[in-house]
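Below is a briefing on selected residues of one structure. It goes through them by topic.

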2 protein chains.
Amino acid sequence: MTAPSDVIREVLARVIAQVNTLSAGGPGWTRPSYSDLESAAHTMIEAEALALGMAVHRDAAGNLFARMAGRDPAAPPLYMGSHLDTVAEGGAYDGQAGVAGALAVAATLRAQGMTPHADLVLVVTRAEESVWFPVSYAGSRAGLGLLSAEELQACRVDTGQSLAQHMRAQGFDPEEVIGLQPPAPARFLEFHIEQGPILDEAGEPYGIVTAIRGGLRYRAAQVLGSWAHSGAAPREGRADAVVAFAQLVVAMDRVWSAMLDEGHDLTVTFGRVDAAGPAHAMAKVAGRLDFCLDLRSSDAGVLDLANARLLAEIAVIETATPGIRFALGIQSRSQPARLSEAMVDFVRTGATLQGDAPRLMLSGGGHDAAAFAAAGWESVMVFVRNWNGSHCPEEAMDIEDLARAVEAVHAALLQETRA
Amino acid sequence: MTAPSDVIREVLARVIAQVNTLSAGGPGWTRPSYSDLESAAHTMIEAEALALGMAVHRDAAGNLFARMAGRDPAAPPLYMGSHLDTVAEGGAYDGQAGVAGALAVAATLRAQGMTPHADLVLVVTRAEESVWFPVSYAGSRAGLGLLSAEELQACRVDTGQSLAQHMRAQGFDPEEVIGLQPPAPARFLEFHIEQGPILDEAGEPYGIVTAIRGGLRYRAAQVLGSWAHSGAAPREGRADAVVAFAQLVVAMDRVWSAMLDEGHDLTVTFGRVDAAGPAHAMAKVAGRLDFCLDLRSSDAGVLDLANARLLAEIAVIETATPGIRFALGIQSRSQPARLSEAMVDFVRTGATLQGDAPRLMLSGGGHDAAAFAAAGWESVMVFVRNWNGSHCPEEAMDIEDLARAVEAVHAALLQETRA
């Protein structure tokens, strides 16, 4: 028999590489939410699960579930998994690593001939990356019966077609999604790259996540000013959308610094800025600029506070420069999620068995685990060290680090099975 | 006989409206440099000139000249005109008004049966709007024998084809442009909308321009930082290209204010900002931002000073944020031009004859008149009040104001003819 550690490494390396053969083209990897490529990736994982003898089904939203029956049908199942869509020009590990990690646990149990204590369910969600549809955790929330009819009408930014249309095109049923009967709340575990520098800087291979930051977003905000000639319009009297935007960015950077000093958890990011339309030119004062703003915190109250300070800074700029007006557009939110102490202990037990002491940490990125937690599931995440950023082609991770995290969870499962 | 004032108004209204039937589509008007549309507009004006019995020719670069012989072949000819290309989604008057104004002067003399003292030459230049080719006054400088072989290789931003290729496509000869024998330096007069608020705010219909600001431009500058996850990358350690750019904009706005307080003539404009490529997203810290910077002054030394302060501000930002690097790219310049005192007096004489006292003023925008002045011509501009900005569809002007400016020049010509 192949050693468990070898099975884990083989599955991780193979599955991640296989999924990444599916991409709309480089640089990096692009598998849009509810695209043919995302569906093909699900089919790939389905084949792996079937080969392990797992019982497969998809829900009305196209989330994939593969069940390995446990010894005690009454014990709360352990769902494990992640998503397979990516941002545009994304990295090789975001989502993929979590699916491969879950599959590696199942494959190892199978290779050992072990039956887990509780049912083990591999779950591969849809549409986790909200850059495509302006909806948080669309796939997992659909699977949990929490997606609204209104959200089904959200349009994908590249195609302009609705979430419902895209679901239907991939063979699923948006009508059935409304009122979908979700699985009974159980346990959920998600492996994921950290997407931040903390583990890398500390030299630690993995950590356990106790909470997930929520977000407050303006995806389609604008600054409106007055178009004018760059050489002919005097400084006095200009309403330059670029200058007003720059003032807001610098002001919010100051607000961020101050709020961190006050002890709040917060990130502030203006990730997308567009003053490069056909009407913009080197020789023109810009009369318009479009931007996105993403505020995140583990505390919903802090998001409200940061938003209030944003509005105050905008009022200052608008008052100082007649002709400048900010139009923030629709605000969207994802709620911060506190994860399960019991599940943190579960992972820590396995880690301790192999001599590890993973740190407890926050997740800055939103993840399906937040949706499961919000739906009353006992949820946890295991973060794996990564570097070179994330959501970008350079995103890097060591399979060895992920394998060590998977081994910890595998150890915890064996412990539970033997108990 | 139709009264001179009626001829002027008829020509202005008709010619501007006719030229503006030629546009690549709205909003506003789009006639790219060395496009079929620009050529069609030249053909329109050629027909008008031929109808007035003027002798027409084009130079190797496609600039159009139409001559009405004067009484004294030894007297320095008066060239009058402007350009017919526009920025993308530009206004109804920039360039067009200057060509129509010059044609109105010629039509009035013809209607009166007057022969001017000196040759009157209508000149319609090519490629004045440097948003298409990154070359200042490409057409007029070609006609003045001042365009370099290197500049002929500059590519149009939308087509990617070179200036030489575009000249050839419109039936002209870029090889001949190099070493072109220009007309002997003479007098040049250009009517143009002000493109700024000074005349409008003062309630004055027209003014006389004594100098044209030069420019120092970075057309393809970049801020390079590090891509990161918006929710996972802590404030400490970010190299956010958007924040660094905003810091530079705010710093240069402060520099601008300070330099104005020091008595310098200067404008500072970041007219185009692009952090909206496929790699940018709401949930990503931007690792790159592209921008344009346009500095203008009537004093070349002030441009150098502003550029030095720009570099100093960039050094401060780069030092404060490891991982941030500015790449300004190629710097291009147009020299400030002092216009002709004799020609200012010429226009003022005509104005005085009709009871006007037009103010002397600066031009913030660059114009072909600057190229003629740099080539040793006695050049002047007459600015016409406009509002609602310029280089934009809303750009507005009253034909009556232009007519009054044209009447002043017509009066000056009659005076010269009678003297």
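A:Leu266 is buried, at a relative accessible area of 2% (buried means under 20% relative accessible area, exposed over 50%, partly exposed in between, with a 1.4 Å probe and protein chains only). This is a predicted model, in which local features need pLDDT of at least 70, side-chain atom pairs count only at pLDDT 80 or more, and totals for chains, interfaces and linings use all residues. Residues are numbered from 1 along each chain as its sequence is written, chains are lettered from A and ligands numbered from 1 in the order in which they are written, and side-chain values use heavy atoms, with hydrogens and water left out.

**A:Leu266**

- A:Leu266 lies in the loop between helix H8 (241-261) and strand E9 (267-269) of chain A; helices (H or I, at least four residues) and strands (E, at least two) are DSSP runs, numbered from the N terminus.
- Beyond its neighbours within four places in sequence, A:Leu266 has contacts that include A:Trp256, A:Met259, A:Arg296 and A:Val302, a contact being heavy atoms within 4.5 Å.

**The annotated binding site**

- An unreviewed UniProt entry gives the feature "binding site" at A:Asp94, A:Glu129 and A:His391.
- These residues span 298 residues in sequence, but no two of their C-alpha atoms are more than 9.9 Å apart, so they gather at one spot.
- UniProt positions are given in the numbering used here, feature names are shortened, and annotations may be inferred rather than shown by experiment.
- A:Asp94 sits in the loop between strand E3 (78-83) and helix H3 (96-112) of chain A, and counts as buried at 5% relative accessibility.
- A:Glu129 sits in the loop between strand E4 (120-125) and helix H4 (138-143) of chain A, and is buried at 6% relative accessibility.
- Residues up to four places away aside, A:Asp94 touches both A:Glu129 and A:His391, among others.
- A:Glu129 is in contact with A:His391 as well, and its other contacts include A:Ser33 and A:His83.

**Polar contacts to A:Gln195**

- The side chains of A:Asp94 and A:Gln195 form a polar contact of 2.9 Å (a pair of N or O atoms within 3.5 Å; within protein, one must be able to donate a hydrogen and the other to accept it, and residues adjacent in sequence count only if both atoms are side-chain atoms).
- A:Ser390 has a side-chain polar contact of 3.4 Å with A:Gln195.
- A:Ser390 is buried, with a relative accessible area of 0%, in the loop between strand E18 (386-387) and strand E19 (396-397) of chain A.
- Residues touched by A:Ser390 include B:Ala228 and B:His229.
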